[in-house]
Amino acid sequence: RDPQTGWSRDFTVRANNITTVEIPENVAYVDGLSEQVVNKGLQIVSDDTVSVFCTNIAHLSFDASYVLPTQSLADDYLIQTDDQSSNTSSLPYVKENETSAFLIIATEDGTTVDITPSVDTYNGRTAGYEFSVNLNKGQVYQVRSTKSDGRRDLSGSKVTARDCKRIAVFNGNNLTAIPRNGGSYDHIFEQAMPLQAWGKSFVVTSSLEREADYVKITSAADNNEIRKNGELIATLELGTSY
């Protein structure tokens, strides 16, 4: 249901089964809007425990993300997106949408969120300068990066809700090519984990029949030494990535 518009849809899920709920575009599709408060957030309430993931399905585009339950959300986030700064396309629809982005959803009325973007934004906010937005439950605020070459990675942007109010954050790219020298573009997104859930040690596996995998590391602290199999590969400052 949408707490702001009243739109709702009931559904039933059987144990060990999957129920797909299609959401009309006019209900939840944020499109290319940047730095505008919109009533597009959806709340899912169930009688018993469920696991939820969401998908974006469009022409020649698809991606999916897990959805964290409200009790797993928090108030403090660092954004991580793909760095597509050195890649440009001559296709008009690609040039218009070739930005990184993050999306904030309020779970409570009267939520004030402080945002410090790491690069200039699509609507002209300056990198490194904090600004604030006020949201009510179910309201959504998207921030897109500038389209300027060399400054399209919002990784390291800081998003904090005041008074410890829980917010959901999704981050990714409206349209990007991975690797950057590729010619195929797609939308990517994933729900961000709050900083309170970040850790220090990770196990990474390779993908079947892929020539290479890409791992991106973003630091939540200064002078952060990053090691791979015990070997120092980078020393990162707060908000920087490797």
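Residues are numbered from 1 along each chain as its sequence is written. In this predicted model, local features need pLDDT of at least 70 and side-chain atom pairs count only at pLDDT 80 or more, while totals for chains, interfaces and linings use all residues.

View A. Two strands pair if DSSP finds at least two bridges between them. Look for the five bridges between strand 10 (residues 167-176) and strand 11; Thr176 has Asp186 in strand 11 as its bridge partner.

**View B. Pro24 and its contacts.** Pro24 sits in the segment before helix 1 (25-28), a helix being a DSSP run of H or I with at least four residues. Beyond its neighbours within four places in sequence, Pro24 is in contact with Trp7 and Arg9 (heavy atoms within 4.5 Å). Phe131 lies 107 residues from Pro24 in sequence and 32 Å away in space, C-alpha to C-alpha.

**View C. Strands in the lining of the second largest pocket.** Strand 3 (61-67), strand 10, strand 11 and strand 12 (224-228) each supply at least two residues of this lining. Strand 12 gives the most, with five residues.

Methods. Side-chain values use heavy atoms; hydrogens and water are left out.
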